[in-house]
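Q: Could you walk me through how to read a few features of this model? I would like the general idea each time, then the case at hand.

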Amino acid sequence: WIDKTRHANGAIPTAELRDQMQRTMQNHAAVFREADSLKEGCDKIDQVYQDYKDVKVTDSSLIWNTDLIETLELENLLLNASITMHSAENRKESRGAHAREDFPDRDDVNWMKHTLAWIDRDSGKVTIDYREVNNDPKAVAGMEHEDIKYFPPVVRKY
C-alpha cells in the first residue's frame with residue numbers, strides 16, 4: 001500500500017486534491033448545514049475520492065519524503081471526510097455540533113442512536129448503520145455498581 005502510493009504516477013498533484021477536499025468540506029459540511037448543500041457535498045467529496053486514484057507523487061525516495069507523507073495524510077483525510085459528509089447528510093436532525101437548518105430540533109424518537117459508518121477503500125462507497133444508545137450504564141458488563149448514575153439526555157440551551 002505504501003509502495004503503491006510512493007510510486008503513484010497519476011496526473012493530479014496531492015496539493016490540488018487536498019485543496020478540493022478542503023473547499024468541499026468548508027462549503028458543504030460547515031457548522032450550519034442543510035439538505036441541498038450536504039447532497040452536493042456528498043457528490044463532490046465522492047468525486048475527490050475517485051480523483052485520488054489519479055494522484056501523482058513526485059518524490060519516490062524513502063528519506064524525508066514529505067510528498068509521500070502528505071499524500072498518505074490526504075488519503076486518511078479523504079476517508080474521514082467522505083464518512084463525515086455522508087453521515088451528516090444522512091442524519092435528519094440537529095444534535096450537539098451537528099446543526100441542520102432544515103431540521104432545527106433534536107429528534108430522540110428517531111435519532112437516539114449512534115451512527116456507525118465505514119468506507120470501502122476501493123469504491124469509496126460509504127455504508128451507514130446504527131447502534132442503540134445504552135440508557136442503563138449499570139447494565140454494561142464489568143460496570144455493575146450501585147453508585148453509577150444515569151444522566152438522561154437533555155436539549156442543549158445556550
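Q: Let's start with Tyr130: is it buried, partly exposed or exposed?
A: Happy to begin there, and keep in mind that this is a predicted model. Read the relative accessible area against two cut-offs: under 20% is buried and over 50% is exposed. Tyr130 has 28%, so it is partly exposed. Trp111, at 10%, is buried.

Q: Which kind of aromatic pair do Trp111 and Tyr130 form?
A: Look at the angle between the ring planes, since over 60 degrees counts as edge-to-face. The structure holds one aromatic pair. In that pair, Trp111 and Tyr130 sit edge-to-face, with 5.8 Å centre to centre and 75° between the planes. Trp111 belongs to helix 5 (residues 108–111) and Tyr130 to strand 6 (residues 126–132), so the pair ties together parts 19 residues apart in sequence.

Q: Which residue lies over the face of Trp111?
A: Here you check the distance from the charge to the ring centre, and the direction relative to the ring normal. Lys113 is over the face of Trp111, 4.9 Å from the ring centre. Lys113 also lies over the face of Tyr130, at 4.1 Å from that ring centre.

Q: How do I read a nonpolar core, and which residues have the most contacts inside the largest one?
A: The general idea is friendly enough: in soluble globular proteins, nonpolar side chains tend to be buried together. In this model the largest nonpolar core has 23 residues, and those with the most contacts inside it are Leu17, Met21, Met25, Ile45, Leu78 and Met85. Helix 2 (14–28), helix 3 (35–51) and helix 4 (66–90) each supply at least two of its residues. Helix 4 gives the most, with seven.

Q: What does Met85 touch?
A: Leaving out residues up to four places away in sequence, the neighbours of Met85 are Thr24, Met25, His28, Ala29, Leu38, Gly41, Cys42 and Ile45.

Q: Is Arg33 buried or exposed?
A: At 13% relative accessibility, Arg33 counts as buried. It lies in strand 2 (residues 32–33). Not counting residues up to four places away in sequence, Arg33 touches Leu38, Ala88, His98, Ala99, Arg100, Glu101 and Asp102. Arg33 and Arg100 are 67 residues apart in sequence, yet 4.7 Å apart in space, C-alpha to C-alpha.

Q: What should I notice about the phi of Trp64?
A: Phi of Trp64 is near 50°, a positive value in a residue other than glycine. Trp64 lies in the loop between strand 3 (55–56) and helix 4. With a relative accessible area of 79%, Trp64 is exposed.

Q: Stepping back, how many helices and strands does the protein chain have?
A: There are five helices and six strands. From the N terminus on, they run α-β-α-β-α-β-α-β-α-β-β.

Q: What share of the 158 residues counts as buried?
A: The share is 32%. The protein chain exposes about 10500 Å², and carbon and sulfur atoms supply 54% of that area. Among contacts between residues at least 6 apart in sequence, 59% join residues at least 24 apart.

Conventions
Residues are numbered from 1 along each chain as its sequence is written. This is a predicted model: local features need pLDDT of at least 70, side-chain atom pairs count only at pLDDT 80 or more; totals for chains, interfaces and linings use all residues. Side-chain values use heavy atoms; hydrogens and water are left out. A nonpolar core is a set of buried Ala, Val, Leu, Ile, Met, Phe, Trp, Tyr and Cys residues joined through side-chain atoms within 4.5 Å. Buried means under 20% relative accessible area, exposed over 50%, partly exposed in between (1.4 Å probe, protein chains only). Helices (H or I, at least four residues) and strands (E, at least two) are DSSP runs, numbered from the N terminus. Contact means heavy atoms within 4.5 Å. Rings of Phe, Tyr and Trp (its six-membered ring) pair if their centres lie within 6.5 Å; planes under 30 degrees apart count as stacked, over 60 as edge-to-face and the rest as tilted. A charge sits over a ring if NZ of Lys or CZ of Arg is within 6 Å of the ring centre and within 35 degrees of the ring normal. Accessible areas come from the Shrake-Rupley method with a 1.4 Å probe; for residues, only the protein chains shown count as cover.
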